[in-house]
Amino acid sequence: MINRSEEKPIKLRNMLAYGGGDVFGGGSFTILGLWLMYFYTTYGGLSPAEAGAVIAFARLLDAFFDPLMGYVTDHFWRNRLGQRFGRRGFFFLIGAPLVFFSYIMMWVSDMGFAYYLATYILFYACYTLVIVPYETLAAEMAHDFHVRSRLTGVRMFFSMGAGILAAWLPGAIIAVLGDDASSSFLYMAVIFATLFAIVIFGLYFFTWERAIEITEKPAPVEFKRDMKALFRSLLSTFQVRTFRQHVGMYLGAYVALDVLGAVLAYYIIFVLGHSAIDAANSMTFMSVVQFFCIAAWIPFCIHIGNGAAYKLAQYLMLTSVALFISFYAFGNSAQMWMVWGAAIVMGMGRSGTQYVCWNIYSFIPDVDEMLTGQRREGIFAGVMTFVRKAVQAVALFIVGLVLQSYGFAGKGAVSQPPEAVHGIALVFGIGALIFLVVGLFSARGFSLNRNNHALLIAEIQRRHAGGNGAEASAETRAVAEKLTGWPWASLWGKNDIMQRIDPRAENLTAKGNQQHDTHNL
């Protein structure tokens, strides 16, 4: 077992490389969320229903790839490539060039439904190849609450910085080339694809993982057995109470952001009557607010707790939606200063929901380790993204159908009929409200905070050192039971969770197999 008290120190270059990875993760999602549907209907020649179908089908298909990728990256140490390049690092190494080419291919104009569906599926497969291993790194590189919170903070700074560029760059190119220049988004894609490849290579060279010392020959890969184990692993994650809460909070935050992002450009242009450049500037301003607000959310999570910080962020999101809707509902002229005022509130809320959700996630494997006695970062990353994409796919498909049913005018339209304007406002308000409320409901009783996590980590370390469960304090027992949702007597592998996944599963972490870092600088 790795000696946690002597973990490799995280230097500035390591922290920057880790955070820079979300230039790809957060940056690509921001661009796709804010601009893809607009690109498909304005330059791609698709109807809203077709655009929604492309996004929904590709993400639903990709959702099934996420948990598979989580399982693969957790077990990739069993072959020579994983032993040579790392079970996470290998996918960074091959993912960089794949992401570069697949991302550019998405943004070619006037290619038709089949082309856009195929290229979107291809890009998301490449995205998952990189992002699932990336999501494990905070838990792999450090165990301390403060260190992980700082890692998440740096990650969010890079994500928000990429978001600023993502919101601003298309509008800036359109301003130069004109509203009818379909090549605007292709130029944007080349710039971002280059950035994505650079930061993904940086993950390989400047981050590391908790590697496994192989003391005996790994069990041979058996596809049928492993697929059964994968399915059971997926289901087993929901036996962790904190993870169930987190999934609800994550969905409530991120799917609401996806719905809002999909129609925000439409809302500013067609409902509030501004230009595409005004929409780009407004979203840029919102992204700048997100960027600077990250610094406030880091101490919020540490001092008031993740649950309270999450609720505050969700209330800010509700307030921003109410402000935007009021401009339409009460017939306000919605001058730009009003739009920017609502964008300030939305930027504050977006910043908080994104940071808090990812800050929480980095601690979930610790709770699971207390329950199962094993480290399973990859499978949790896969499950979380699977659930999000599956629900997101349905939600965005419904968005496209609603806009289509309200008579949304497609390519070349400079205005929309009143019915379509009403449909955009309906999706913007009601669609976001549903998921924001789901998130707030899921956050009730959430108790993974700094103090509880410290107790949990101390107990895990004590167990690794050979401590007896009967010697734990009453407070530690109560916290562990609340976080896991299981009685004390069933914790630390004294349950049948891992046996039900695979009776021959290797117990690599809790049972004391020696570990060390092999994927170094």
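Colleague: What makes the contact of Arg462 and Glu459 a salt bridge?

Modeller: Their side chains meet at 2.9 Å, N to O. A salt bridge is a side-chain nitrogen of Lys or Arg within 4 Å of a carboxyl oxygen of Asp or Glu, so the pair qualifies. This is a predicted model: local features need pLDDT of at least 70, side-chain atom pairs count only at pLDDT 80 or more, and totals for chains, interfaces and linings use all residues. Residues are numbered from 1 along each chain as its sequence is written, and side-chain values use heavy atoms, leaving out hydrogens and water.

Colleague: Where do Arg462 and Glu459 lie?

Modeller: Both are in helix α17 (residues 450-464), three residues apart, about one turn of the helix. Helices (H or I, at least four residues) and strands (E, at least two) are DSSP runs, numbered from the N terminus. Salt bridges that share partners join Glu459, Arg462, Arg463 and Glu471 into one network.

Colleague: Why is Glu459 called buried?

Modeller: Its relative accessible area is 4%. Buried means under 20%, exposed over 50% and partly exposed in between (1.4 Å probe, protein chains only). Arg462, with 22%, is therefore partly exposed.

Colleague: How do you know that Arg375 counts as buried?

Modeller: Arg375 has 13% relative accessibility, so it falls under the limit for buried. Its salt-bridge partner Asp366, at 2.7 Å, N to O, is buried with 0%.

Colleague: Which parts does the salt bridge of Glu209 and Arg87 tie together?

Modeller: The closest N and O atoms are 3.4 Å apart. Glu209 lies in the loop between α8 (184-206) and β1 (211-212), and Arg87 in the loop between α3 (80-85) and α4 (89-105), so the pair links parts 122 residues apart in sequence.
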